[in-house]
Amino acid sequence: MKRSLPKNRKAGSLKRRERLAGSAFLWPSLAGVFVFFIVPFFVVCYYSLINNPIQHEFVFLKNYVALFHNSAFLLAAKNTLTFSVTAVPLAVVLALVLALLLEAKIPLKSQFRTFFLSPMMVPVASVVLIWQVLFHYNGVVNDFLAVFGADKIDWLQSDYNQLVVVLLFLWKNLGYNMILFMAALANIPRDLLEVADIEGASRWFRFWHIKLRFLSPTLLFVTILSLINSFKVFREVYLLTGDYPYEGLYMLQHFMNNTFGSLDYQKLSSAAVVMAIAISIIIALLFVVEGRFGKDVEG
Amino acid sequence: MRKRRLLLRIVLTLVAAVFALGFLMPTVLTFTNSLMSETELTAHYGAVFTSLSKPTAYMAEGASLRIIPDKVSFSQYITVLFKSPEYLLKFWNSVILVVPIVLLQLGVAAMAAYSFFRYSGKMRSVLFFFYVILMLMPYQVTLVPNRLVAGWLHIYNTRAAIILPGVFAPFSVFLLTKFMRRIPPSLIEAAKLDGASEWRIFTRVCLPQCRSALYSIAILVFIDYWNMVEQPLILLSDPEKQPLSVYLSTINAGEVGIAFAVATIYMIPTLLLFLHGEEYLVEGITHSGSVKG
């Protein structure tokens, strides 16, 4: 007993020293995150509840009420949501189609994968010019459609302008989603598919009843990831159309940018908090989904 | 039956080819158009960019998309590289913003990931969860805090205002932790038995095991920041300091030829990274495929 006591203590202190060393590794990152994100975010929350940075008078939800009556914010929120509702399903379904294509027996598979993935590595700013040439009033798409007798329209200044951005979004994001689906497809147990094959299951049956079932967690994951990405679509819109686009393309980040111009911290803070809450809800959803299905597809 | 199979294969290949064409077109066109001379460009796209360039006699009615230039000309590149230093300056702005972010973010993240990898516990899981949430927040949320800090530290309108938050962005911490969890525990145990210090285990055992992971994350982080628009718009008020990504959109239509050349130069670094490290990129994306550690 007596002999083992110091040994234990030594082991204990070793463990503690190790733990301390472990924390030391985390410190730089944690300190940075606190200084640049957490602390200022609390200040943002505080700013969203006061009347102005000079008087510091507590006004509770007044800024939020004002925000939800702000027509620019409502327009931006509406446009962003409309965009997400169109772009996300397409980004998921088309990426799955591409992944399945690359799983089928076709030649030049690895080349095709490279081609599909390449837009991800091209800066948006570089291809914006081509998009303008394509969708201008005198542009190529109109010329092409004119062959079928369609009227010319100025795509970026019309009600179809979101379509132009959806295309750019898909062009850029499909590759990433496709890779996620390809990884999931590769994880489907081969023997299961082989058994189905021997039993004479049709291609269609194998897809709906085996593949899709195994893919469902990835499907949900990709959906939510694309949803989050669709909130970031401002970049494409800004490069295509600048600070003040045609109405249908006025996005939430436009609202933020233009509010930064006037440095109205009350408006900015409440908008940032509202966004943070909205995204948190989506993330919570993501975690519920992962918790429920994630176990079959770890990796 | 066999005939139908063959037909299906042909159809699928065609579908893939059509997609491939669509995916490649914008990049290829940007490149080929950069090889056209100013006159050829005006002749083809005059109608698109008329608002600013003077209409000329050769101008086409509509824009005819040309894939291959009538005559390959490097005149645009010569203009960009030797006659108008402002573009090279903006390119340099991009480099000097992105390279420190990538290197420092990886350094800070490698240490943090090591800590998450080696020590688990309630506190650690809560913190990790926290990093994931932060990682998923869009710019609409993070830029307001960033702007506030930039004001407090008097770094607004300096490169530090962009670089510092970038260094501490949680993305690589998240991804690296996932990669590190695949290191066989026996390796760490063996090093511990040899009496290696934590720092030694980190630098001599852990990092060498993560070499390819570090490369794939570096690619992902590089492309993300090379493409940045939101941060410089808000954190840099001085147009002189803007990176090329933002500046490209302000090149006016009168200089469309130059714009194509600059756009091409701008995509060279990321495309080279892609050609060299496609496998690593795919690996990195695959590992991001779940929010849990």
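Let's start with the layout of chain A.

A word on the source. This is a predicted model, where local features need pLDDT of at least 70, side-chain atom pairs count only at pLDDT 80 or more, and totals for chains, interfaces and linings use all residues. Residues are numbered from 1 along each chain as its sequence is written, while chains are lettered from A and ligands numbered from 1 in the order in which they are written.

Now the contact between chains. Two residues are in contact if their C-beta atoms, placed from the backbone, lie within 7 Å. Chain A gives 78 residues and chain B gives 77 residues. On the side of chain A that touches chain B, the largest share is 18 residues, from helix 1 of chain A. Helices here are DSSP runs (H or I, at least four residues), numbered from the N terminus. By class, that side of chain A has 54 nonpolar, 17 polar and seven charged residues. Nonpolar means Ala, Val, Leu, Ile, Met, Phe, Trp, Tyr, Cys and Pro; charged means Asp, Glu, Lys and Arg; the others, Gly among them, are polar.

Take one residue of helix 1. P28(A) sits in helix 1 (residues 4-47) of chain A. Setting aside neighbours within four places in sequence, P28(A) contacts V108(B) and M111(B). Is P28(A) buried, exposed or partly exposed? Partly exposed, because P28(A) has 18 C-beta neighbours inside 10 Å. The cut-offs: buried is 20 or more other C-beta atoms within 10 Å, exposed is 12 or fewer, and partly exposed is in between, with C-beta atoms placed from the backbone.

Next, helix pairs. Two packed helices are described by the angle between their axes and the distance between the axes. Axes are lines fitted to C-alpha atoms, for helices over the stretch in contact, and angles run from 0 to 180 degrees between N-to-C directions.

One pair joins the chains. Helix 7 (residues 161-186) of chain A packs on helix 14 (residues 256-287) of chain B at about 75°, with axes 9 Å apart. So the two are roughly perpendicular. Under 35 degrees is roughly parallel, over 145 roughly antiparallel, 65 to 115 roughly perpendicular, and the rest oblique. Chain A brings Y176(A), I179(A), L180(A) and A183(A); chain B brings V282(B), I285(B) and T286(B).

Another pair stays inside chain A. The axes of helix 5 (residues 124-135) and helix 10 (residues 234-241) of chain A come within 9 Å and cross at roughly 55°. These two helices of chain A are therefore oblique to each other. Among the residues in this contact are W131(A) of helix 5 and L239(A) of helix 10. The classes: six nonpolar, one polar and two charged residues.

Last, some local features. Helix 8 (residues 190-198) of chain A lies largely in the open, because zero of its nine residues are buried. Just after helix 8 of chain A, G200(A) has a positive phi of about 85°. L108(A) is not glycine, yet its phi is positive, near 60°. L108(A) is in the loop between helix 3 (71-103) and helix 4 (109-117) of chain A.
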